[in-house]
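Morning, everyone. I have one model to show, and I'll keep it brief. Let me put it on the screen.

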Amino acid sequence: DGIRDYKVTGVQTCALPISISHLERSTLADFTRPTGTFYFSKTTNVRSTTRQPNFDVAIEDLRKHRFKAEVIETPLPPSGSSVAGITFGVSDFDWDRSRAKLMPGSLADNLTSFGGAMTINDQTKCTELLRYGAAASCGTVAEPYALQFKFPLPFLHAHYAKGLTAAESFYGAVQSPYQLLILGDPLCQPYAIPPRFKVSGLKNRDVVAKRCELELLPSEEENSTDPVQMSWLIDGKLQAQ
């Protein structure tokens with residue numbers, strides 16, 4: 001909400017509508033718990049082998065929480081697959097030709113040297129993954145070499161599946177992010193369980209002319225967490241918490 005209130009300068013006009021569309025799509029994924037499979041690409045490419053030792057722990061955790069997770073022996077997922085998230089490693093790729101679908105809210109992470117270096121023509125950029133539906137992705141802006149601590153651990157997806165935001169998941173999985181450019185919707189959280197509740201004493205769009213009493217009522221929905229804090233705002237100004 002409020003994205004159109006931002007003053008944007010120095011952005012090409014053709015890129016702005018695409019960026020807004022991407023953020024709007026990611027916002028709609030919040031709390032939806034999308035179906036699909038978390039894929040981990042295992043090939044002989046050093047960009048893949050660097051992270052393979054940590055595949056099992058991520059997959060075990062995802063499956064323990066009843067998510068689908070599997071290792072594939074190709075850089076990209078099978079044709080027609082629904083991708084909840086992917087960790088892979090290849091210098092160049094054509095996602096369109098894979099015919100795999102990145103689900104709304106998915107995280108896609110490709111380990112390569114210049115995935116975030118937009119001034120260098122070599123290698124496919126991480127923005128391609130956003131273009132085909134991922135909520136967030138990342139790429140390095142300078143040659144990082146194949147050092148695991150500069151890239152997200154595969155456990156990135158396990159963090160995300162437990163309800164963390166995209167930003168929390170990435171930074172919880174990277175030890176040294178100083179060469180890493182993370183792009184997308186940082187607040188996307190499709191697997192979070194939000195607090196749901198009702199307020200009695202007023203209906204939406206009621207006009208208030210005198211003192212009124214409001215009561216916070218628990219939700220009858222099972223898919224809800226208890227609210228921790230409520231903030232009261234009038235005309236956008238915080239009144240009390």
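How do the residues lining the second largest pocket divide into nonpolar, polar and charged? Six are nonpolar, one is polar and three are charged. By class, Ala, Val, Leu, Ile, Met, Phe, Trp, Tyr, Cys and Pro are nonpolar, Asp, Glu, Lys and Arg charged, the others, Gly among them, polar.

Ground rules next. This is a predicted model: local features need pLDDT of at least 70, side-chain atom pairs count only at pLDDT 80 or more, and totals for chains, interfaces and linings use all residues. Residues are numbered from 1 along each chain as its sequence is written, and side-chain values use heavy atoms, leaving out hydrogens and water.

Back to the pocket. Its volume is about 190 Å³. A pocket here is an open set of points on a 1 Å grid over the protein atoms alone, where a 1.4 Å probe fits, with protein on both sides within 12 Å along at least five of seven lines; lining residues have an atom within 4 Å of a point. The lining includes Val-199, Lys-203, Arg-205, Asp-206 and Trp-232.

Take Val-199. Val-199 sits in strand 7, residues 197-200. Strands are DSSP runs of E, at least two residues; helices are H or I, at least four. Val-199 is partly exposed because its relative accessibility is 35%; buried is under 20%, exposed over 50%, partly exposed in between, with a 1.4 Å probe and protein chains only.

Finally, backbone. Tyr-145, not a glycine, has a positive phi of about 60°. Tyr-145 lies in the loop between strand 5 (136-140) and helix 6 (156-161). Asp-235 also has a positive phi, near 50°. Its loop joins strand 9 (232-234) and strand 10 (237-240). Asp-235 is exposed, at 77% relative accessible area.

Key
Grid points are joined across faces, edges and corners, and a volume is the space filled by probe spheres set on the points.
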